[in-house]
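Work through the exercises below with the model open. Each task is followed by its solution.

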Amino acid sequence: MVRGTVLRRHAGGYLVYSDELKASLQCPLRARLKKEGIAIFTGDHVELEEVEFNDSSERGTAVIAARLDRRNLLTQPHIANVDQVFILQSIHQPEWNGLLCDRYLVHLQLALPEVRTFICINKCDLATDEEISALRNIYESIDYRVFFVSAKQDVGIEQLRDFLIGRTSVLTGPSGVGKSSVLNALNPALSLKVDVNEELLVGRHTTTYSELYKMGFGDKAGWVCDTPGFSLGELKHPEPAQVAWQFPELAVFAGECKYGDCLHLVENDCKVLANMGQIPQERYESYQAIVAEAQQEAQLQKQTSQKVETGSVKLVGGRAGKGTLVPRLTNRHRAVSRRKDKQQQLNEVEGEESDELWLNEDGDDASIKTEL
Ligand SMILES: Nc1nc2c(ncn2[C@@H]2O[C@H](COP(=O)(O)OP(=O)(O)OP(=O)(O)O)[C@@H](O)[C@H]2O)c(=O)[nH]1
Ligand SMILES: [Mg+2]
Ligand SMILES: [Zn+2]
């Protein structure tokens, strides 16, 4: 049985790299797996059958017959078997945003608690030494490893490369910060598409799907995933009480706070508030903002569930509080819509795939673009 790693979705199927064959293979999914609702994502390890080579021994086709066990799965962006994550932000163009960086940290730490998260700050060619040391002071004082790089001027890229060896890494962050540019700097042979407009205020979502790339060779090899920039607006908020544990500099004091349910915002004698001198102010402000968002979300959910319980209505579409309330249907109608629902769920898992394989060489069909 041949094994492989999914590099990305590709027009109705997947592009899979097999280390043992040293070949990239275009692979549809066995119909049985589709029926069972087995979802396949970038980074998944799979078993292949029916391997056939095209004109060379490096390219061919096969069929995905099984998905192997996953070590983990990140769901925003969707990538399986992750060893480490780099949160990429730019210092200018788009402007540094500490709250955004901290929201990414909280999201990723909660999503993959066993995985190490690094911060990578790009476009340092546009920043002063003072701006760089201010950020270094904040994050290194609380033991985050921060890489300051310039993809444009090839600064700091070598140190980053050393950290990629032997691991599967994910580069994530907002659109326009230079994720694809950093990957190109790490390996110029990749020639990934980057936005041509240098004066970015916001990104343009140049990368539209997550794809794994191999970096280096032999015992220097590692895998890095380029991802599309995504908005944090659609993410699930944490429980308010979870947030402090995601700020290591707060967590040390939160653990000693005498109030069990303290959110460390106002209470007299709160251990965190008593030690504010040891917490970077910007980080505490991020903490306050993230807790406030989480509280709002919790409130909204409570109101929604009360409404749904009291009336003959149900919530359709969107996340809690954001969908539409519609009257409940009769049993007869409900039975039909449940079947439809199931079919729709299956389609969602499988990504509304077209049966037509390899629509074009890049797999750049519209359904893939909108989906990722
Ligand atoms: N000055 C400067 N510009 C950079 C640097 N790195 C990237 N850029 C520019 O920033 C813009 C966005 O870069 P991309 O690599 O496309 O950004 P991305 O994060 O992949 O964006 P999405 O694919 O949209 O998520 C491009 O115009 C790059 O030329 C850098 O180190 N310095
Ligand atoms: Mg990109
Ligand atoms: Zn407290």
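Angles under 35 degrees count as roughly parallel, over 145 as roughly antiparallel, 65 to 115 as roughly perpendicular and the rest as oblique. The model is predicted: local features need pLDDT of at least 70, side-chain atom pairs count only at pLDDT 80 or more, and totals for chains, interfaces and linings use all residues. Residues are numbered from 1 along each chain as its sequence is written, chains are lettered from A and ligands numbered from 1 in the order in which they are written, and side-chain values use heavy atoms, with hydrogens and water left out.

**Exercise 1.** Classify the packing angle of helix 4 and helix 5.

Step 1. Locate helix 4 at residues 157-164 and helix 5 at residues 179-186. Helices are DSSP runs (H or I, at least four residues), as are strands (E, at least two), numbered from the N terminus.

Step 2. Read the geometry: an angle of about 85°, with the axes 10 Å apart.

Step 3. Helix 4 and helix 5 are therefore roughly perpendicular.

Step 4. List the contact (heavy atoms within 4.5 Å). Helix 4 supplies Ile-157, Leu-160, Arg-161 and Leu-164; helix 5 supplies Val-182, Ala-185 and Leu-186.

**Exercise 2.** Find where the cis bonds to Pro-77 and Pro-94 lie.

Step 1. Gln-76 to Pro-77 is cis, omega about -5°. Pro-77 sits in the loop between strand 6 (73-75) and strand 7 (78-80).

Step 2. Gln-93 to Pro-94 is cis, omega near -10°. Pro-94 sits in the loop between strand 8 (84-90) and helix 2 (98-111).

**Exercise 3.** Is His-264 buried or exposed?

Step 1. Apply the cut-offs: buried is under 20% relative accessible area, exposed over 50%, partly exposed in between (1.4 Å probe, protein chains only).

Step 2. His-264 has 4% relative accessibility, so His-264 counts as buried.

Conventions
Axes are lines fitted to C-alpha atoms, for helices over the stretch in contact, and angles run from 0 to 180 degrees between N-to-C directions.
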